[in-house]
Amino acid sequence: MRRAKRIYSAVLITILCFGAVDASAQYTTIRRGGNNNTEQQQQQQTQRRQTTQSTQSTEEQKYNKDIEEGESLVEAEKYSEAKRHFTIMYAKYPKHEKEIERWLEVCEMFMVEQEEENKKREEEERRQQELERLHEIETAYQNDMELGEQYISERQYEKALSHFQAMLSEYSEFPDYCNKINEKISYCEEMKFPDKTITVNGVSFKMIAVKGGTF
């Protein structure tokens, strides 16, 4: 009986040992297979990470290029074009919205300053043009007055009167000029009568028109 038990025990131990060896082999196989799967996953993750990095790198390059282009427009003082450029970038690069917003604010600020400078420059140009126009009018007025005075000195009062009347309509927007012209018109109207020669007892007297007044 004891011998039979010893044989049974030996057989059982042998079976258990073989089972343990087989289980160990299966475990090793499973473990190796698991390692292979893990390595494949790691490789896939590495590839995905590299692809993502490559995509990100390409995107960053494009972004930096667009930023440089926008900066060039700002430096060239083309603020409206720069604003349009950064507005397109704002929708194109959502990860960089804050930085692009700052550029848009810069463009807005420069556009306001540029508009104010343009207004000042236009106002200065208008003022300069007005001064030049007034100078030309002043020169023409002086020339016309000299011509009228010449007619008066030559006793051509009718001609001088017509001349000053024409001047009155030409310089109607200048009250000071009109006042002086009216004075000349009044003088010519009084002096326009022609000189007369009167003969008394065979003696001729030449009568010259003189402006009325107290003598």
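Modeller: His-163 is placed in helix α4; helices here are DSSP runs of H or I with at least four residues, strands are runs of E with at least two, and the numbering of elements starts at the N terminus. The model is a predicted one, in which local features need pLDDT of at least 70 and side-chain atom pairs count only at pLDDT 80 or more, while totals for chains, interfaces and linings use all residues. Residues are numbered from 1 along each chain as its sequence is written, and side-chain values use heavy atoms, with hydrogens and water left out.

His-163 counts as buried because its relative accessibility is 14%; the cut-off for buried is under 20% relative accessible area, for exposed it is over 50%, and partly exposed lies in between, with a 1.4 Å probe and protein chains only. Leaving aside residues up to four places away in sequence, His-163 touches Asp-144, Leu-147, Gly-148 and Tyr-151; a contact means heavy atoms within 4.5 Å.

The next step is from the residue to the pair of helices. The axes of α3 and α4 come within 8 Å of each other and cross at roughly 160°; an axis is a line fitted to C-alpha atoms, for helices over the stretch in contact, and angles run from 0 to 180 degrees between N-to-C directions. The two helices, α3 and α4, are therefore roughly antiparallel to each other, a term for angles over 145 degrees, where under 35 is roughly parallel, 65 to 115 is roughly perpendicular and the rest is oblique. The crossing of α3 and α4 is left-handed, meaning that the near helix is turned anticlockwise from the far one by less than a right angle; clockwise would be right-handed. On the α3 side the contact is made by Tyr-141, Asp-144, Met-145, Leu-147, Gly-148, Glu-149, Tyr-151 and Ile-152, and on the α4 side by Tyr-157, Lys-159, Ala-160, His-163, Phe-164, Met-167 and Glu-170. By class, the contact of α3 with α4 has 9 nonpolar, 2 polar and 4 charged residues; Ala, Val, Leu, Ile, Met, Phe, Trp, Tyr, Cys and Pro count as nonpolar, Asp, Glu, Lys and Arg as charged, and the others, Gly among them, as polar.

The loop between α3 and α4 holds Arg-155. Most residues other than glycine have a negative phi. Arg-155 has a positive phi of about 60° although it is not a glycine. With a relative accessible area of 42%, Arg-155 is partly exposed.

Leu-161 has its place in α4 and is buried, since its relative accessible area is 8%. Not counting residues up to four places away in sequence, Leu-161 touches Ile-185, Cys-188, Glu-189 and Lys-192. Helix α4 (residues 157-170) and helix α5 (residues 175-191) pack at an angle of about 155°, with axes 9 Å apart. That angle makes α4 roughly antiparallel to α5. The crossing of α4 and α5 is left-handed. From α4, the contact involves Tyr-157, Ala-160, Leu-161, Phe-164, Gln-165, Met-167 and Leu-168; from α5, it involves Cys-178, Ile-181, Asn-182, Lys-184, Ile-185, Tyr-187, Cys-188, Glu-189 and Met-191. The contact of α4 with α5 divides into 12 nonpolar, 2 polar and 2 charged residues.

That leaves the remaining pair. Helix α3 (residues 97-153) and α5 have axes that come within 12 Å and cross at roughly 10°. This makes α3 roughly parallel to α5. Here α3 contributes Ile-137, Glu-138, Tyr-141, Met-145, Glu-149 and Ile-152, and α5 contributes Tyr-177, Lys-180, Ile-181, Lys-184, Tyr-187 and Cys-188. The contact of α3 with α5 has 8 nonpolar, no polar and 4 charged residues.

As for the setting, the protein comes to 5 helices and 2 strands, in the order α-α-α-α-α-β-β along the sequence. Of its 215 residues, 18% are buried.
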